Structure formats: structure tokens, C-alpha cells
Amino acid sequence: MTETGAARDLMHSAEIKEIVRSAYAAVDASSETLARKLYSSEQLAQLPQSAIEGALGVGNHLRHAEIDTGETLLDLGCGAGIDTILAAHHTGPTGRVLALDFLPEMLERTSAAAAEAGLTNVEPLKGDIEALPLPDASVDHIISNGVINLAPRKARVLAECARVLRPGGKLTLADLTVAEEELPPEILTHPATWAG
Ligand SMILES: C[S@@+](CC[C@H](N)C(=O)[O-])C[C@H]1O[C@@H](n2cnc3c(N)ncnc32)[C@H](O)[C@@H]1O
């Protein structure tokens with residue numbers, strides 16, 4: 001890529017992130033409908049109401065996640081904390097969940113929900129999934145629900161996951177994919193599509 005091309009790309013990337021930031025900072029999730037559709041009654045019983053109403057994910061990947069007691073787990077884009085809290089119950093007090101989000105509002109919601117659930121093994125972490133603020137090989141398991149599709153540079157996110165995971169570490173994702181031919185170019189290039 002030429003220098004000019006790289007600069008244009010960086011501006012585009014920053015613009016997309018700002019759109020995503022504004023969209024999620026303004027989100028007023030206060031309905032149980034999504035969580036009740038995605039999660040089992042056993043899972044819902046472990047959650048404070050605020051985490052249930054704040055669910056913004058696209059699936060229930062924790063049904064397939066093999067979370068071991070004592071794991072250091074990282075939740076990329078924790079939102080209001082629904083998966084962080086479920087995972088923290090699984091890791092138990094000998095493990096911990098690093099709840100990462102780039103919005104302080106979301107980290108506050110996750111911290112409040114974890115306190116309400118009586119969990120002491122949740123650590124909020126402000127950061128961007130494209131540049132994880134963690135050392136190499138420091139995490140056993142990464143989970144993420146509906147977040148990687150929002151990143152302008154998905155390959156960078158996956159490279160960061162590979163960097164911070166310990167050898168043999170696990171990655172459990174629920175996310176959206178779209179084949180370019182399924183959507184017209186004016187939709188694929190529309191800024192609001194990134195957040196929507
Ligand atoms: C669709 S919500 C999903 C929240 C949560 N995983 C859930 O299932 O309810 C996306 C979340 O990812 C965060 N997010 C989006 N892009 C991010 C980025 N580049 N770095 C960190 N967090 C990001 C948003 O602030 C928001 O909390």
C-alpha cells in the first residue's frame with residue numbers, strides 16, 4: 001500500500017470506530033427479549049437483571065465454551081457484562097475474567113453487574129480489540145459475542161488474539177459474517193452498516 005493509501009485507510013478506520021463508539025454509547029438496552037431468546041433459564045438464573053437487559057450479543061457461544069476452573073479468560077467487547085458474568089461463575093474464584101471494552105460506560109455496567117452477582121474475579125479493562133493492552137501469552141481463553149464484526153480490521157483482532165493466548169489457548173466466538181455478494185455496495189460502504 002502507498003503512504004497515501006495507508007493514511008486514507010487509517011482515516012477510514014478511525015471514522016468507523018467513531019461511528020461504533022457513538023452507537024453503543026447511546027444504546028439504551030432495557031429489554032429482556034434478546035437475552036431470553038438466546039440464553040437458557042439456567043444461565044439467566046445466574047445473572048443480575050441489569051446484565052439480562054443489557055444483552056446485545058448475537059448468539060450463545062458459552063453453550064459450546066469449555067471453560068475450566070482457574071482459567072484466565074478475556075471477554076472482548078463485554079458490553080453490560082452478560083457473558084463475563086456467566087464465564088466468571090465457570091472459572092470460579094481461582095480464575096478471573098478480564099472484561100474488555102473501549103467504552104467506559106460499558107465497563108461501569110459490567111462492574112456493577114459483577115458486584116451485584118457477588119463476583120470478585122471480574123476485572124474491567126479499557127482497550128481496543130485491535131490493540132489488546134495485555135502481554136503475550138497471558139490468557140487461557142478468549143470469548144466474544146457480536147463484537148469482531150464491528151472492527152474495521154478483523155485480521156488485526158485475530159492476530160492480537162493469537163498473540164495474547166497461551167499455547168493451546170481457546171477462542172470461542174459468536175459473531176456475524178456476510179458474503180459481499182449478499183449486500184449491494186451502497187449498503188456495504190454505508191457507515192451506519194458497521195454499527196448496525
Ligand atoms: C454488540 S455489543 C456486544 C456486547 C456483549 N458482548 C454482549 O453480548 O452483550 C458490542 C460491544 O463491543 C464494544 N466494542 C465495539 N468495538 C470495539 C473495539 N474496537 N474495542 C473494544 N470494544 C469494542 C462496544 O462498546 C459494545 O459494548
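**The ligand and the spaces around it**

A nitrogen atom of the ligand lies 3.1 Å from a polar backbone atom of Ile129, a distance that falls under the polar-contact limit (a pair of N or O atoms within 3.5 Å). Asn145 also uses its backbone here: one of its polar backbone atoms is 3.1 Å from a nitrogen atom of the ligand. At Leu56, a polar backbone atom sits 2.8 Å from an oxygen atom of the ligand. Taken on its own, the ligand has 600 Å² of accessible area (Shrake-Rupley method, 1.4 Å probe), and the protein covers 99% of that.

The model is a predicted one, where local features need pLDDT of at least 70, side-chain atom pairs count only at pLDDT 80 or more, and totals for chains, interfaces and linings use all residues. Residues are numbered from 1 along each chain as its sequence is written, and side-chain values use heavy atoms, with hydrogens and water left out.

Who else is in the neighbourhood? The shell around the ligand (residues with a heavy atom within 4 Å of it) holds 21 residues, and Leu56, Gly77, Asp101, Ile129 and Asn145 come nearest. Sorted by class, with Gly counted as polar, the shell has twelve nonpolar, six polar and three charged residues.

The ligand takes up the space of the largest cavity, meaning that more than half of its atoms lie within 2 Å of the cavity's grid points.

How many cavities of 30 Å³ or more turn up? The count comes to one, a cavity being a set of points on a 1 Å grid where a 1.4 Å probe fits but cannot get out. The largest cavity holds about 440 Å³ of space. It is lined by 30 residues, with Gly77, Asp101, Gly146, Val147 and Leu150 closest to its centre. α1 supplies the largest share of that lining, three residues, while α1, α5 and β2 (96-101) each supply at least two. The lining splits into 16 nonpolar, eight polar and six charged residues.

Then there is the largest pocket (an open set with protein on both sides within 12 Å along at least five of seven lines), at about 540 Å³. Its lining has 15 residues, and Asn149, Lys154, Leu176, Thr177 and Val178 lie nearest the centre. Two or more of the lining residues come from each of α7 (154-164) and α9 (191-195). Here the classes run to eight nonpolar, four polar and three charged.

Conventions: A polar contact is a pair of N or O atoms within 3.5 Å; within protein, one must be able to donate a hydrogen and the other to accept it, and residues adjacent in sequence count only if both atoms are side-chain atoms. On a 1 Å grid over the protein atoms alone, a cavity is a set of points where a 1.4 Å probe fits but cannot get out, and a pocket is an open set with protein on both sides within 12 Å along at least five of seven lines; lining residues have an atom within 4 Å of a point. Grid points are joined across faces, edges and corners, and a volume is the space filled by probe spheres set on the points. Helices (H or I, at least four residues) and strands (E, at least two) are DSSP runs, numbered from the N terminus.
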